[in-house]
Amino acid sequence: MTDTELPESLREIKEEFLALEVRERLQLLLEFANELPDLPERYRDHPDLLERVEECQSPVYIFVEVDDAGAVQLFATAPRESPTTRGFASIVSQGLAGLTVEQVLAVPETYPQELGLTEAVSPLRIRGMTALLGRAKQQLLRKVAA
Amino acid sequence: MAVGVDSNEKFATYAHPERLVSTQWLHDHLGAPGLVVVESDEDVLLYETGHIPGAVKIDWHTDLNDPVERDYVDGERFAALLSEKGISRDTTVVIYGDKNNWWAAYALWVFTLFGHEDVRLLDGGRDKWIAEGREITTDAATPSQADYPVVERDDSEIRAFKEDVLQHFGNPLIDVRSPEEYSGERTEIPGYPTEAALRAGHIPSAASVPWARAAAADATFKSREELDAIYKGEAGLADGDDVIAYCRIGERSSHTWFVLKHLLGFERVRNYDGSWTEWGSAVRVPIVTGSEPGETPARR
């Protein structure tokens, strides 16, 4: 998929990152982290949230919805102490908001690596966003199949 | 130009009290000449959300690991990093971080590979400092460039490789991962499949002591008595033992390394940083599943 085919929201986020110096990209990621909204009321007591994975990487929970018009929304939560994870979740949430199911499923898996963040946060951590995107697609597929 | 040690009573019970400082001590010494405070967290952005005034950031991944090979940075890169952070060879470095100082201990262990003499941990780390309502800031630290010498990394004393572990059988091994990783029920951390190994379980004869058992609820280290009960009592370590600790990539085991080496005073303790991501994917190495340590294999 070339850039012209990337949905506008995702393309804009990518351009915003690539326009910055490597160090400034971390600051932008932090801004994304700060923009991650709280979960809507209906998810606050969701049973998944009780299963905390304490070892190693920070827990992140995502909830994908498709509205009557066929537009996708993604809600996510991660601890305040994990701003990188929150930033990743915020990018995915803002980037996928309002897309159609087909558009979301067509987002390339390599998108997280195209933001110019690999050097600033390390390839290992970038895989966290790749996994997040993968989980969002899986959840969407299950939802559509149901 | 080292800064004096913290004469805290609790620390006096440990083998090397000079390796810890309390939050109060740090509060009283912030800005002292010859002292540099370093924050080292799991999350590369946590420092930016607020840190101890004047503290510099060192990231375990982007700063301390080689970007290409699975190894630590070399002497030149380490010297360049520390110089940029305002650290000289004789600087007193106090490291603190999130998650019970897990990553701070990892950074301290890497500093030790380069023989940096005066490197300490803030007991309780970032969490305790913040819980006590002490000052944090988002102002970027502006250290003046120092001149850290290029020192060759010494991997012989505190670092173990796979071959060393195969030669080590018959001596104690400590597996510091979660019980599920030890038994082999869990091969990977959910959501992070690329950090997995191909096989699950533990190195035969290793005792299971999850790393965080060394930490109290407020993120400080447990008392000497409690640590003795865990490592000498339950895990069966005896004075004079030659010990190797491991986890998944060598970070959690740095925390245990610190406890065994500096708090309990074991002379010979090594961290096997290849850990389960290497062992669990290596060809023809022995593995045991389940909650028992298993038979000690022959050395090879």
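Which residues gather in a patch of negative charge on the surface? They are A:E8, A:E12, A:E16, A:E31 and A:E35. This is a predicted model, in which local features need pLDDT of at least 70 and side-chain atom pairs count only at pLDDT 80 or more. Residues are numbered from 1 along each chain as its sequence is written, and chains are lettered from A.

A patch takes residues with over 30% relative accessible area and no salt bridge, with like charges joined within 9 Å; a salt bridge is a side-chain nitrogen of Lys or Arg within 4 Å of a carboxyl oxygen of Asp or Glu. Helices α1 (8-18) and α2 (22-35) of chain A each supply at least two residues of the negative patch, and α1(A) gives the largest share, three residues. A:E31 sits in helix α2 of chain A and is partly exposed at 44% relative accessibility; buried means under 20%, exposed over 50%, and partly exposed in between (1.4 Å probe, protein chains only).

Now for the rings. Over all chains there are 16 aromatic pairs (ring centres of Phe, Tyr or the six-membered ring of Trp within 6.5 Å; planes under 30 degrees apart are stacked, over 60 edge-to-face, the rest tilted).

B:W102 lies in helix α4 (residues 102-113) of chain B and B:W211 in the loop between β8 (207-208) and α8 (224-234), so their pair ties together parts 109 residues apart in sequence. B:W102 is buried at 1% relative accessibility, and B:W211 is buried at 4%.

Technical notes: Heavy atoms only, no water. Patch = residues over 30% accessible without salt bridge, like charges linked within 9 Å, V, L, I, M, F, W, Y side chains within 5 Å. Areas by Shrake-Rupley, 256 points an atom, 1.4 Å probe, with all protein chains shown as cover. Lys, Arg positive; Asp, Glu negative; His and termini not counted. Charge placed at Lys NZ, Arg CZ, Asp CG, Glu CD. Helix = DSSP H or I, 4+ residues; strand = E, 2+ residues; numbered from the N terminus.
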